[in-house]
Amino acid sequence: LKRCRHCGRNEDAPNNSVMKQLLGLFLLVVFTSGLLKPLPLRRDVLDVERKHDLMIGSDESGTGCIAGPVVAVSCCILDVNSYVPLNIVQDSKKLILKQCHEVYSHVKLHPNVYQYTVATRSNTEIDQQTVRACIHDAFSESIAALAQVIPSNRTVYSVVDGHKSPSFTEFVSRPWKRADSLVYTVALASCLARAIHDDLTNDSCIIDNGYPTLRHLQALHDHG
């Protein structure tokens, strides 16, 4: 192998920057083409160990925005033995927006398989409180609403993505960091929350869904 006299690197060795670009392109193709394996439904928090029938997964969208509402979604699978996992269900941050809307459409078309509830907090409520307080209240509302529509003869267990979760006397609710990458129902909630947040912000003509992009920051600078 020939060595470069300036840096000593093997001239015949592959260029690291080229390899990184190729790896990035491969990952992009994998994520956007739905080739990832379905996210496994974590059995360690289901009825096998915990003796509960259904698991409610909850996630939010909009807490990183500087305009518009926050959205909390809770969902569960009514029959974990007969449903077919969707290949594209992952943490919504790993998906393109179109894929989140595809998941949302699928869930709405199968009410016998999925149940979900939505709670939102407006920008006015966020200004009066804090975004964290608002999303915590929204989680409480969406989880409680979903628990009410589940038949009383079925017990539930709730998992919320993040460091904190609401408390309930009727069932256990626990926080789980990165649950949207580990628990299928939380990943579902993540996809639904992002799609619903997109619909709400588009209806309100909010630039870039309220996220602090350069275009949005420039509009704030120009117009206040």
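View 1. Because eight of the eight residues of strand 2 (residues 70-77) are buried, the strand is largely enclosed by the rest of the structure. Strands here are DSSP runs of E with at least two residues, and helices are runs of H or I with at least four, numbered from the N terminus. The model is predicted, so to speak of local features pLDDT of at least 70 is needed and side-chain atom pairs count only at pLDDT 80 or more, whereas totals for chains, interfaces and linings use all residues. Residues are numbered from 1 along each chain as its sequence is written, and side-chain values use heavy atoms, leaving out hydrogens and water.

**View 2. Partners of strand 2.** Strand 1 (residues 54-61) pairs with strand 2 in the antiparallel sense over five bridges; pairing requires at least two DSSP bridges. Here D59 stands opposite V73. Strand 3 (residues 114-121) also runs antiparallel to strand 2, joined by eight bridges, with R121 opposite V70.

**View 3. The largest nonpolar core.** This core has 24 residues, and V73, I77 and V103 are among those with the most contacts inside it. A nonpolar core is a set of buried Ala, Val, Leu, Ile, Met, Phe, Trp, Tyr and Cys residues joined through side-chain atoms within 4.5 Å.

Note on methods
Buried < 20%, exposed > 50% of the residue type's maximum accessible area, 1.4 Å probe, protein only.
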